[in-house]
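Please open the structure in your viewer and keep the selection panel at hand.

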Amino acid sequence: MNTATVIGLGNMGVVLARLLLRAGYRVTVWNRSRDKADALAGEGAVAAASVVEAVKASPLVIICVYDYPATQAILARPDVEAALGGRILVQLTTGSPRDARESETWAHRHGASYLDGAIQAAPAQMGLPDTAILVSGAKTTFETVEPTLKLFGGGLTYLGEAISAAAAMDLATLSYVYGTFFGFVHGARIAEHEGFGVEQFGAIVEKISPAFGAFLKHEANVIQSGDFTISQSPMTISIEATDRILATARESGIDDEIPAFFAQFFQRAKAAGYANEEAAALIKLLRNGKAPRPAHSAKAVAATA
Ligand code: NAP
């Protein structure tokens, strides 16, 4: 398959179209604002006059727009739905597991094969050997378009037939990223308050990240196995560490909201009796919430610190 249509030429969509052009594909493009399609025509793409024309031009239609409502605004019209029959639609717009399920149902109703994907990289990082892209949906459909999707990123990962998998794993990954980011900015505040270069802190973070990634993979295996016997990191270490970060923030007079949140969580795990288990036992709090949630978590931790 060396013919494809790309719908949506925002920061990400335009890069997808360019990667296909670079690989010698015949690329048809459409974008709500016509000027972006015209600009790509200058690089060898065919700028379709309408969405229907764009869909009819290729057996593979890739869409990457702002969100799923935008996708529906573009595709959920009788003429476009009729044109989608028999084609493969690959959705690379970021969305939720529910968005993915509803889109698949809608696409199948109109006779299209459907894959749902999540791009885990910035536009400038696309097309590299390790660019991470998650995809889920029917295996035969994935196999048909795999060589094309690989042009977008060598780190393409197929997550199976359940259509919501890519969106679910994207959300799970983002949750990890934002949790880390909050810890990172508090760490940056410690560094600057203590009079050290934040860039030095950034360099240390980069150095420890591969090992931390391996540690988290181990903790994931612990959670999956259900055996929380101490294997690498007893929870007591984390209880003490988060208390120390919180106490230091308060002594220094820097903002304590982030460490207070972490510390109260570990205190709840301790109260629930998980202190002498592997750190990953924290997930049991999320599962059953049996440890009482303090009304004002920061104050509750202050009382225990
Ligand atoms: P963007 O630059 O803001 O472009 C948005 C695109 O959606 C444009 O083509 C825009 O058309 C179109 N659009 C928005 N609302 C529309 C509507 N109601 N009807 C029709 N078209 C509409 O966004 P982007 O960075 O390309 O991101 C696209 C998707 O990729 C998002 O889901 C994003 O989460 C995901 N993604 C982006 C990045 C990133 O770093 N950029 C990374 C990973 C994933 P106009 O040009 O006419 O406005």
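Select helix 1 (11-22), which with three residues gives the most to the shell around the ligand. Helices (H or I, at least four residues) and strands (E, at least two) are DSSP runs, numbered from the N terminus. The model is predicted: local features need pLDDT of at least 70, side-chain atom pairs count only at pLDDT 80 or more, and totals for chains, interfaces and linings use all residues. Residues are numbered from 1 along each chain as its sequence is written, and side-chain values use heavy atoms, with hydrogens and water left out.

Next, select the residues around the ligand. Which of the 21 come nearest? They are M12, N31, S33, K36 and T94; a residue counts as near if one of its heavy atoms lies within 4 Å of the molecule. By class, this shell has 11 nonpolar, eight polar and two charged residues.

Now display K36 and T94. An N or O atom in the side chain of K36 is 2.5 Å from an oxygen atom of the ligand. For the side chain of T94, an N or O atom is 2.7 Å from a ligand oxygen atom. The protein buries 74% of the 900 Å² that the ligand exposes when taken alone, with areas from the Shrake-Rupley method and a 1.4 Å probe.

Finally, show the whole protein. There are 13 helices and eight strands in it. The C-alpha atoms fill a box of roughly 65 × 40 × 35 Å along the principal axes. Of the 305 residues, 41% count as buried, that is, under 20% relative accessible area (1.4 Å probe, protein chains only).

Technical notes. Polar contact = N/O pair within 3.5 Å; in protein donor to acceptor, adjacent residues only side chain to side chain. Nonpolar A, V, L, I, M, F, W, Y, C, P; charged D, E, K, R; others polar. Buried < 20%, exposed > 50% of the residue type's maximum accessible area, 1.4 Å probe, protein only.
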